[in-house]
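Here's a quick tour of a protein–DNA assembly, taken piece by piece. Have the sequence and the 3D view open as you read.

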2 protein chains.
Amino acid sequence: MDERVPRDFETLRATILDRRASLPKRIAQIAAYALDNPDDIAFGTAASIAASAGVQPSTLIRFAQQLGFDGFTSLQLVFRERLRERNSSYDERLAALRAKAEEGGGHRAIFDGFVAAASTSLGDISRSLNDAHFEEAVALLAKAETIYVLAKRRSYPVASYIAYALGKLKIRNQLVESAAGLNAEMIGFATPRDAVIAISFSPYAPATIDETRSIAEQGVPIVAITDSSFSPLAQFAKVWFEVAEADFGGFRSISATMALAMALTVAVGEKRREAGRRRKG
Amino acid sequence: MDERVPRDFETLRATILDRRASLPKRIAQIAAYALDNPDDIAFGTAASIAASAGVQPSTLIRFAQQLGFDGFTSLQLVFRERLRERNSSYDERLAALRAKAEEGGGHRAIFDGFVAAASTSLGDISRSLNDAHFEEAVALLAKAETIYVLAKRRSYPVASYIAYALGKLKIRNQLVESAAGLNAEMIGFATPRDAVIAISFSPYAPATIDETRSIAEQGVPIVAITDSSFSPLAQFAKVWFEVAEADFGGFRSISATMALAMALTVAVGEKRREAGRRRKG
DNA sequence: TATGGATTGGAATTAATATTTCATATTGAC
DNA sequence: GTCAATATGAAATATTAATTCCAATCCATA
């Protein structure tokens, strides 16, 4: 192996792109495949990769040799190393942000801390969201005559966003907030043909709990967004989502809740459109 | 291989932890090594892993079989799958989410789309936020007697969050919203010793623009969060932030704006505490 | 402390995988 | 169009790695 063999993925990638024009057809084919499917190269066997790329195993080895490696195995090491590093890189970057933020590096650090908390929360919810629950919630909300939206304090911004988005989608909704103190009366109008989105996180705002209970007692189905299965909201809800938000400096992120809220809203709009088409068509 | 063989890493991990106490010494040794060095299991050979863990290759296979796999190779697949999912670099994961969302794979795809949009927006703002502007905004807001918060429609959730957080930090603030239509009068009370956070994105809500103009004319310093240097808000503002939010399905994310808002709020609280200490000490 | 069963180490075996080789096909230059 | 150089396919071979097997050891129990 000569001195200029690429040892890291980026160099390798650059080298391949650089020589691309001058490579023979089959070699170019495997080169393109390698850049498009680096994970396959990292994990596969020469035979399996060759098959996926539509070439012979020997071509794979010639490709590696042409780049200066002494065989496929050495080439593969670069792809594996990349995975190892990439693995850590995102988490490390986040950890670095958070560390810097926590050791108190000025005001910029505060900003970094919140960005890190938001990213972490999004990653978590993306991994943990249950598809079936989501579908169920969408179905339940899509057939409601009016969607009541219920949240106070820290969760209120989410509720106000939901109300805004539902309005834009022309879906009848009622944000339960009344400057005149008429929440109870407002809730009284809800029927089992309606539905509720209730949002509350520990420490649960007592008003949210009370209103959720009373609306549940009227037989109105509830979709809850909360932070644990022990949440008082969970017992009232037909479907509930557990959202774990990361916090920074005592302030919890609401980015994951927000993303879920947006998705619910738009999915409900989508489902109604589908239903509408079916009725007409 | 029986039915209950763990197919994903988390299940596998749980199974191992569960049985840990009842495992023979060498098997326990390799079990601990596997959980501590999952990357090594994913990439290594039976011999190399066994050597690193200080056991015989055959022990490794017995370990796998005890978990229900038919050999080391099947066990290794689980560790590799984990890397594929986890490791597929952050950007790649995002791209995958977005691609899946855009090709329209049902309702889950909508959720993925919003998560991707939020993550992208956070990445963008993290790169583009100007430290000096941020410091300036914090300084300006920290010395205000009352912070007025101004935003309508899509930006309103951010404003309501700011008002909530400022309240928690015991910083006097006024969310400019009045069910009684008294916004103009409310604004009339502001003086140059106060400050304003105004938030608006294209298409700029006319009310926000009008109110911002009139409050600017009273000499009240303004911090604006908006989406372009051509924004009508920019001309009125002492400091302004350009926040580019990614969108999905016509709905723009607000996660970056939210992170910035949280950071501003908490940084202002921080700066006030610092100033308080200095006066006393 | 003797006995049986479980556990372990290490070598032998088997399976798999990478690499090489060689015949054939393709391409480009004259 | 011919020739040489280059590229490719397919199978043979060499290498490496997984698995199995058996003897040795350990451990619990009587």
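## Chain A on its own

Let's start with a definition: a residue counts as buried if 20 or more other C-beta atoms lie within 10 Å of its own. Keep in mind that this is a predicted model. By that rule, 44% of the 281 residues in chain A are buried.

As for secondary structure, chain A has 13 helices and seven strands. Now look at its contacts with a separation of 6 or more: 63% of them pair residues 24 or more positions apart.

## Where chains A and B meet

Chain B puts 46 residues into the contact, and chain A puts in 44. On the chain B side, the elements giving two or more residues are helix 3 (38–43), helix 6, helix 8 (106–128), helix 9 (131–142), helix 10 (156–168) and helix 14 (255–280). Helix 8 of chain B gives the most, with 10 residues.

## Around DNA strand D

There are 18 residues around DNA strand D, and those that come nearest are Pro24(A), Arg26(A), Ala46(B), Gly71(B) and Phe72(B). Chain A supplies two or more residues to this surface from each of helix 2 (25–36) and helix 5 (57–66). From chain B, helix 4 (46–53), helix 5 (57–66) and helix 6 (72–87) do likewise.

By class, the surface near DNA strand D has nine nonpolar residues, seven polar ones and two charged ones.

Technical notes: Residues numbered from 1 in each chain as written. Chains lettered and ligands numbered in written order. Predicted model: local features only at pLDDT ≥ 70, side-chain atom pairs only at ≥ 80, totals over all residues. Near = placed C-beta within 6 Å. Helix = DSSP H or I, 4+ residues; strand = E, 2+ residues; numbered from the N terminus. Nonpolar A, V, L, I, M, F, W, Y, C, P; charged D, E, K, R; others polar. Buried ≥ 20, exposed ≤ 12 C-beta atoms within 10 Å, placed from the backbone. Contact = placed C-beta atoms within 7 Å.
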